[in-house]
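Here is a report on one protein chain. Please view the sequence and the structure together before reading on.

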Amino acid sequence: MPVLPGAEPYHHEGGEIGVLLCHGFTGSPQSLRPWGEHLARAGLTVSLPRLPGHGTSWQEMSRTRWEDWYAELDKAFADLRGRCAQAFVMGLSLGGCMALRLAEVHGDAVTGAVVVNPSVVNDVPLLRLAPVLKHVVRSIPGVAGDIKKEGASELGYARTPVRAAATLPRLWRLVQSDIAKVTQPVLVFHSRDDHVVKPGSVAFLQARMGNNLEVRELADSYHVATLDNDAPVIFEGSLEFIRSHASVPLTKDL
């Protein structure tokens with residue numbers, strides 16, 4: 001199926017430090033493209049893949065599950081790690097959850113993680129019914145586009161495929177059960193006003209992770225903060241995070 005204009009993956013060949021960016025559920029690389037380009041200008045090698053079923057139609061996405069999305073990220077991470085001396089993982093929403101899963105699975109191969117409004121707990125009552133609901137309803141209203149900034153928009157689906165959503169609880173349970181394996185430094189950007197992911201996810205991370213976790217609040221953005229008013233804070237904060245934890249220097253310095 002043709003990819004929607006603007007939803008294409010993004011890759012940039014830079015220096016010895018690589019960053020894998022993970023977009024969110026029903027979204028597309030468009031939501032992280034400005035972030036990726038900012039990192040690329042600093043001389044980093046950047047990989048921003050398009051997850052299967054995303055950036056095309058919700059009907060196609062309904063034929064995919066979280067294992068398909070994670071497999072694409074795992075493949076991209078292996079490629080990035082093979083080309084770079086160090087690799088960081090970063091993500092938005094469910095992409096943040098999968099970035100943490102990569103850190104759990106790959107251990108020291110992941111130098112650190114930056115996640116924006118990560119979704120790691122099932123705090124949406126309707127999703128608890130998804131395993132049953134998928135047999136009677138194909139889709140429900142979408143969650144894309146929660147942005148405060150005037151004129152900004154997210155390229156995501158207007159409908160959420162229930163069959164795909166029904167696979168999420170297992171991913172959340174896996175990430176929760178293995179979260180102690182994340183000993184790398186983790187930076188969380190958390191929007192004070194988020195109409196998609198409730199505070200329970202960040203609260204879980206704060207309760208279960210140690211001093212390797214830092215949470216920074218975003219005061220002027222909604223869920224898709226990477227396209228919102230606080231985007232520059234995220235972009236610069238992630239570069240600062242890389243400078244603090246990388247063992248090799250950035251090729252350039254903004």
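**Terms and basis**

Buried means under 20% relative accessible area, exposed means over 50%, and partly exposed lies in between (1.4 Å probe, protein chains only). At 41% relative accessibility, Ala219 therefore counts as partly exposed.

This is a predicted model, in which local features need pLDDT of at least 70, side-chain atom pairs count only at pLDDT 80 or more, and totals for chains, interfaces and linings use all residues. Residues are numbered from 1 along each chain as its sequence is written, and side-chain values use heavy atoms, with hydrogens and water left out.

Helices (H or I, at least four residues) and strands (E, at least two) are DSSP runs, numbered from the N terminus. Contact means heavy atoms within 4.5 Å.

**Two nonpolar cores**

A nonpolar core is a set of buried Ala, Val, Leu, Ile, Met, Phe, Trp, Tyr and Cys residues joined through side-chain atoms within 4.5 Å. The largest one holds 44 residues. Trp69, Leu94, Val186 and Leu205 have the most contacts inside it. Another core, of 33 residues, lies apart from the largest one. Its members include Val19, Trp35, Leu227 and Ala231.

Neighbours within four places in sequence aside, Leu94 contacts Gly24, Phe25, Trp69, Ser119, Leu168, Leu171 and Trp172.

Which residues of H8 are buried? They are Leu168, Pro169, Leu171, Trp172 and Val175. These residues cover an arc of only 160 degrees around the axis, so they sit on the same side of H8. The arc is that of the directions from the helix axis to the C-beta atoms. An α-helix has 3.6 residues a turn, so residues three or four places apart point the same way.

Arg173 and Ser177 are exposed on the other side of H8. Arg173 has 52% relative accessibility, which is why it counts as exposed.

**Helix packing**

Axes are lines fitted to C-alpha atoms, for helices over the stretch in contact, and angles run from 0 to 180 degrees between N-to-C directions. Angles under 35 degrees count as roughly parallel, over 145 as roughly antiparallel, 65 to 115 as roughly perpendicular and the rest as oblique. A crossing is left-handed if the near helix is turned anticlockwise from the far one by less than a right angle, and right-handed if clockwise.

H4 and H8 have axes that come within 10 Å and cross at roughly 45 degrees. H4 is therefore oblique to H8. The crossing is left-handed. On the H4 side, Leu94, Cys97, Met98, Leu100, Arg101 and Glu104 take part. They meet Leu168, Leu171, Trp172, Leu174 and Val175 of H8. Helix H3 (residues 66-83) also packs on H8: the axes come within 9 Å and cross at roughly 55 degrees. That angle makes H3 oblique to H8. Trp66, Glu67 and Trp69 of H3 touch Leu168, Arg170, Leu171 and Leu174 of H8.

Helix H1 (residues 33-41) packs against helix H10 (residues 231-245) at about 45 degrees, with the axes 10 Å apart. H1 is therefore oblique to H10. Here the crossing is right-handed. Pro34, Trp35, His38 and Leu39 of H1 meet Ile234, Phe235, Glu236, Ser238, Leu239 and Ile242 of H10.

**Loop residues**

Most residues other than glycine have a negative phi. Ser93 has a positive phi of about 60 degrees and is not a glycine. Its place is the loop between strand S4 (86-92) and helix H4 (94-106). Ser93 is buried, because its relative accessible area is 9%. Asn117 also has a positive phi, near 45 degrees. Asn117 lies in the loop between strand S5 (112-116) and helix H5 (125-128). With 1% relative accessibility, Asn117 counts as buried.

Gln184 is in the loop between helix H8 (168-177) and strand S8 (186-191). At 5% relative accessibility, Gln184 is buried. Not counting residues up to four places away in sequence, Gln184 touches Ala103, Gly107, Asp108, Val110, Thr111, Gly112 and Asn212. Ala219 sits in the loop between strand S9 (213-218) and H10. Leaving aside neighbours within four places in sequence, Ala219 contacts Lys148, Arg192 and Asp230.
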